[in-house]
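Thanks for coming. I have one structure to go through today, and I will keep it short. Please have the model open while I talk.

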Amino acid sequence: MLILGIESSCDETAAAIVRNGNHILSSVVASQIDLHSPFGGVVPELASRQHIQAIVPVVEDALQTAGITANDLDGLAVTQGPGLVGSLLVGYCFAKAFAYALKIPWIGINHLDGHINSVFLTPDPPPFPFVALLVSGGHTAIYHVTTHTSAAMMGQTRDDAAGEAFDKVSKMLGLGYPGGKIISDLAEHGNPKNIHFKRAYLDKNQFDFSFSGLKTGVRRYIEKNPNCLQTDKADIASGFQASVVDVLSDKLFTAAETRQCRHVALVGGVAANQNLRQRLQMEAARRNCSVHIPPLNLCGDNAAMIAATGYHYLKTGHTSQLHEDVYSRIKAAPIPDHKQA
Ligand code: KG4
Ligand code: ZN
């Protein structure tokens with residue numbers, strides 16, 4: 001079964017061809033980072049315009065790289081939400097029209113389900129059930145995953161997402177956007193023990209997160225030590241990253257323990273963080289757990305994960321209908337309206 005995946009929820013226009021939910025034939029990602037970085041964040045209006053320009057060439061590139069034509073497709077999967085409405089609409093409307101013209105089934109996919117399913121695009125996917133830590137620019141949550149299409153949320157951030165905290169700290173240090181890679185590279189040159197930032201565990205046995213106190217802690221440190229931006233940037237980055245990694249790792253493994261589950265996964269843009277990857281690998285080995293983390297190109301937003309998720313819905317006869325619409329926030333997600341054949 002050949003599925004075309006389309007993703008346009010934020011600042012990446014992406015298309016991919018995936019066979020049988022796990023074999024990537026092509027995965028094209030057109031990033032808009034250069035367009036938004038002068039503004040220090042994504043400008044929604046610019047993002048939607050750029051998606052409009054990129055969507056057709058990106059889909060053509062994905063088909064060509066996979067060595068197939070549109071007529072070979074068995075189905076289409078597209079991100080329906082959450083994300084920026086103007087951005088989502090470009091991929092979603094394109095997908096509806098393309099599927100209608102090709103007379104193939106199509107399905108709207110939750111972007112977060114897409115990230116969770118990205119682990120099935122690796123040679124060593126986890127067995128069900130497993131506990132997944134999803135860390136991205138917009139979301140931070142822990143899920144108990146029982147099938148490709150069902151994941152129960154065990155906890156989530158009450159304020160900032162982990163990736164958002166990296167982006168904000170980068171801004172405070174006068175560095176660029178997006179901040180995740182910049183901060184993690186800088187942290188390599190610092191000592192995480194030189195500056196201690198608080199770990200926000202909230203209730204130890206609950207799996208909610210909070211990163212806004214840490215962000216304020218970094219801001220206060222900079223205000224109290226005005227010269228630190230000349231001398232201590234790497235130590236600040238390193239101390240900040242250590243605080244995030246400690247909390248994420250501890251909560252993930254405690255969540256797995258409470259479900260008596262020996263398999264964990266790390267997904268989303270922040271899963272590209274080397275320090276976090278290494279910590280989870282080390283902790284998993286110590287606890288005799290298996291840990292599953294996608295390669296870097298599948299951590300950030302991509303369409304292969306959307307196609308992989310779509311495969312599992314379409315295979316069981318679920319499809320979306322032309323009257324359905326995108327949703328910006330998870331709370332605004334419609335009651336599933338998928339038609340089962
Ligand atoms: O999943 P993603 O590509 O987009 C969303 O769905 O949000 O995640 C993007 C986020 C950004 O906040 C970015 O700063 C962060 O992932 N990120 C990282 C790293 N690479 C990207 N955070 C920490 N360390 C990294 N190496
Ligand atoms: Zn994402």
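This is a predicted model: local features need pLDDT of at least 70, side-chain atom pairs count only at pLDDT 80 or more; totals for chains, interfaces and linings use all residues.

Which way do the residues of β1 point? L2, L4 and I6 point one way, I3, G5 and E7 point the other way, and all are buried. In a regular strand the side chains alternate between the two faces of the sheet. Note that E7 is among the buried residues here.

Now the partners. β1 pairs with β2, residues 12–19, in the antiparallel sense, and there are six bridges. For a position to look at, take L4, whose bridge partner in β2 is I17. With β4, residues 75–81, β1 runs parallel, and four bridges join the two. Here you can look at G5, whose bridge partner in β4 is A77.

Next, the histidine. H36 sits in helix α1, which spans residues 33–36. Is H36 buried or exposed? The relative accessible area is 0%, which is under the 20% cut-off, so H36 counts as buried. What does H36 touch? Leaving aside residues up to four places away in sequence, the contacts of H36 are D11, G41, V42, V43, L46 and A47.

One joins F128 and P129, with omega at about -10 degrees. P129 is in the loop between α4, residues 111–117, and β6, residues 130–135. Another joins Y177 and P178, with omega at about -5 degrees. P178 is in the loop between α5, residues 162–172, and α6, residues 179–187.

Then positive phi. L202 is not a glycine, but has a positive phi of about 50 degrees. L202 lies in the loop between α6 and α7, the latter being residues 212–224. With a relative accessible area of 38%, L202 is partly exposed.

Q260 also has a positive phi of about 50 degrees, and is not a glycine either. Where is Q260? In the loop between α9, residues 233–258, and β9, residues 263–267. Q260 has a relative accessible area of 74%, so this residue is classed as exposed.

That is the end of my list. I can go back to any of these positions on the screen.

Conventions
Residues are numbered from 1 along each chain as its sequence is written. Chains are lettered from A and ligands numbered from 1 in the order in which they are written. Side-chain values use heavy atoms; hydrogens and water are left out. Buried means under 20% relative accessible area, exposed over 50%, partly exposed in between (1.4 Å probe, protein chains only). Contact means heavy atoms within 4.5 Å. Two strands pair if DSSP finds at least two bridges between them.
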